[in-house]
Amino acid sequence: MKTKRWLRQFAARHGVFIARYQPDYVYASCTNQVLSIEDELFYQIACPVIKEGRTLLGYDRLYVLWQAVKNTSSLQQITAELGSYRGGSAYFLATALKVLNNSERPVHIFDTFKGHPDTDVYRKEMSHKPGLFSDTDYESVKQYLSDFQHLHIHQGDIYDTLKDLPEMNYGLVHLDVDVFETTLDCLRYFGQRLVSKGMMVLDDYRSPNCPGIAHAIDIFLAEQAGHFESWFFRTEQLILVKA
């Protein structure tokens with residue numbers, strides 16, 4: 001037993017990973033883990049996004065998005081993301097949709113790409129002041145996502161961009177806007193446009209830095225009694241599934 005452990009440690013110091021051969025499993029070099037073949041597909045998409053610093057979401061939160069994509073792909077509807085930051089989670093969603101559908105699917109992403117806007121919505125927040133997450137750039141994100149022909153970038157304050165958006169139905173919505181008022185307004189907007197069995201994935205649920213998220217969800221679910229199921233994950237994420 002000691003010899004096996006020593007051999008693994010020696011191999012690891014030289015960049016070699018030793019594991020028992022399992023025909024349905026593969027080695028993922030980016031995480032030094034043995035994964036199921038299905039998981040390897042997830043890591044192939046997630047690893048570059050995280051390593052390039054394009055998202056603040058970790059593997060656990062991206063995996064929740066991966067499961068949401070898998071469960072809504074058959075709906076053949078539009079995907080939306082609100083709060084895209086440096087474009088990493090948008091890239092992940094667009095790639096996952098393409099891989100699982102064997103072709104690109106429409107994706108619409110929304111962000112100022114200048115950080116939180118200087119509006120009353122953010123001025124009154126304790127943890128999320130105007131200018132937070134300003135270390136991003138529209139042109140950089142546009143170039144990063146330029147390989148996707150059906151990905152549409154909406155730059156500006158969410159209230160302005162949603163106002164000018166044509167009517168559409170959605171199958172998956174990723175909502176990561178951090179504050180109470182914007183979260184509630186986005187839930188109301190996309191909730192009524194989400195198709196049956198569609199999903200909304202909300203980040204920062206029950207996060208101490210984003211107390212308004214849970215409050216917004218509670219209000220929305222009270223307004224929509226019986227129309228949504230909620231699935232809570234211990235990744236500070238909540239999924240709402242439309243009946």
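Modeller: Let us start with Cys186, which is buried, with a relative accessible area of 1%, and please keep in mind throughout that this is a predicted model.

Colleague: Why is Cys186 called buried?

Modeller: Buried means under 20% relative accessible area, and Cys186 has a value of 1%, so the word applies. Cys210 is likewise called buried because its relative accessible area is 4%.

Colleague: How many disulfides does the structure hold?

Modeller: The structure holds zero disulfides; to count as one, a pair of cysteine sulfur atoms would have to lie within 2.5 Å.

Colleague: Which core includes Cys186?

Modeller: The largest nonpolar core has 32 residues, of which Phe92 and Leu145 touch the most other members. Apart from that core lies another, of 30 residues, and Cys186 is among them, together with Phe190, Tyr205 and Phe228.

Colleague: What is Leu145 in contact with, leaving aside its neighbours within four places in sequence?

Modeller: Once those neighbours are set aside, Leu145 is in contact with Gly87, Ala90, Tyr91, Ile109, Leu151 and Ile153, where contact means heavy atoms within 4.5 Å.

Colleague: Turning to the sheet, what makes S5 and S8 edge strands?

Modeller: Seven strands form an open sheet in the order S5-S4-S3-S6-S7-S9-S8, with mixed pairing. Strand S5 (151-155) and strand S8 (228-233) each have a single partner strand, so one side of each is left without a neighbour in the sheet, and that is why they are said to stand at the edges. From one strand to the next, the twist averages 15°.

Colleague: How do you know that S3 and S6 pair?

Modeller: Two strands pair if at least two bridges are found between them, and strand S3 (residues 78-82) and strand S6 (residues 170-175) have five bridges, in the parallel sense. Within this pairing, Val173 in S6 is the bridge partner of Ala80. Helix H4 (residues 88-101) packs on the sheet, where it touches S3, strand S4 (107-111), S5 and S6, and its direction makes about 165° with that of S3.

Colleague: What makes the link between Asp203 and His174 a polar contact?

Modeller: A polar contact needs a pair of N or O atoms within 3.5 Å, one able to donate a hydrogen and the other to accept it, and the side chains of Asp203 and His174 are joined by such a contact at 2.4 Å. Asp203 is found in strand S7, and because its relative accessibility is 2%, Asp203 counts as buried.

Colleague: Is Pro208 buried or exposed, and why?

Modeller: Exposed means over 50% relative accessible area, and Pro208 counts as exposed because its relative accessibility is 67%. Pro208 lies in the loop between strand S7 (194-203) and helix H9 (211-223), and Arg206 is found in the loop between S7 and H9 as well. Arg206 has a relative accessible area of 54%, so Arg206 too is exposed.

Methods: Residues are numbered from 1 along each chain as its sequence is written. This is a predicted model: local features need pLDDT of at least 70, side-chain atom pairs count only at pLDDT 80 or more; totals for chains, interfaces and linings use all residues. Side-chain values use heavy atoms; hydrogens and water are left out. Helices (H or I, at least four residues) and strands (E, at least two) are DSSP runs, numbered from the N terminus. Axes are lines fitted to C-alpha atoms, for helices over the stretch in contact, and angles run from 0 to 180 degrees between N-to-C directions. Buried means under 20% relative accessible area, exposed over 50%, partly exposed in between (1.4 Å probe, protein chains only). A nonpolar core is a set of buried Ala, Val, Leu, Ile, Met, Phe, Trp, Tyr and Cys residues joined through side-chain atoms within 4.5 Å.
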